[in-house]
Amino acid sequence: MWMRAVKLLTRLGVNSNHFSREAVRSFSAAKPADAILCSNDDATLQQATQSSVQNRDAKPIAAKTHCNDIVALDCEMVGVGKTQQALACCSIVGYSGEVIFHAYVRPLNRITSYRTKWSGITPRHMNFAISAHTALACVQRILRYRTIVGHDLSADLEVLGMSDHPPLLVRDTIKCPQIHLLVGLPQPSLKVLASKLLHRDIQQGPHSSLEDAMAVMDIYKVVEIEWEEHLQKLAKKHSIPRAV
């Protein structure tokens, strides 16, 4: 398993020394067909995983939903140039909270603002970051044809070059009417949703994209059945041809 993961990283142009043996071994079996990159941030991995495992009493998955086709995404960005931003960390988790992809990313342009207070990114993280080209190639391949769960996904999809991802394959929790009813707010933050729906405290300091991705997947599962039924009704309604 270890050698298979090393060969995959080498083929992707990534130095396997940037990733701990334990991290790659632990997560390489989660999704063999995908690139699984777990950076040397074991404390974050352990803390986020434990937090996610504590909340496993969500409603059962709807019969027509395919777990392998649903992933949760969260990205952290840094400032480049005068007003632009670029991807600096990306995390993708599966339906059960398994880590599919987690890596720090080195932007093509010089970083002018690490936004550490919000992003959690520091210059140290760039020491074991992978190239933007490698990250985007991996992430786009993982996300293509899959349903993406996230919170306020427009910026994340834009920085990944995936703004054209089919709307039918996007589940943005900031736009979910079932969630709005539950929390009584029109556009709640992810931190508020995690607190109210999961009784989980996140974003107590700098953000962790891995922790946020796990939280948003668990939030999705709280309203999954109702949300998917609502979307199916909308799709059916709009597919009915008008009377001549």
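C176 counts as buried, at 0% relative accessibility (buried means under 20% relative accessible area, exposed over 50%, partly exposed in between; 1.4 Å probe, protein chains only). The model is predicted: local features need pLDDT of at least 70, side-chain atom pairs count only at pLDDT 80 or more, and totals for chains, interfaces and linings use all residues. Residues are numbered from 1 along each chain as its sequence is written, and side-chain values use heavy atoms, with hydrogens and water left out.

C75 is also buried, with a relative accessible area of 6%. A disulfide is a pair of cysteine sulfur atoms within 2.5 Å. By this rule the count is zero. C75 is in no disulfide; its nearest cysteine sulfur, that of C90, lies 3.9 Å away.

Helices (H or I, at least four residues) and strands (E, at least two) are DSSP runs, numbered from the N terminus. Two strands pair if DSSP finds at least two bridges between them. Strand β3 (residues 99-106) is mostly covered, with seven of its eight residues buried. β3 runs antiparallel to strand β2 (residues 84-94), joined by five bridges. C89 stands opposite Y104 of β3. β2 and β3 form a hairpin with four residues between them. In the turn, G97 has a positive phi of about 90 degrees. Two bridges join β3 to strand β5 (residues 130-131), and these strands run parallel. Here V105 has I130 as its bridge partner.

In helix α8 (residues 190-198), the buried residues are L190, L193, A194, L197 and L198. They lie on the same side of α8, because they cover an arc of only 100 degrees around the axis (taken from the directions from the helix axis to the C-beta atoms). Just after α8, H199 takes a positive phi of about 55 degrees.
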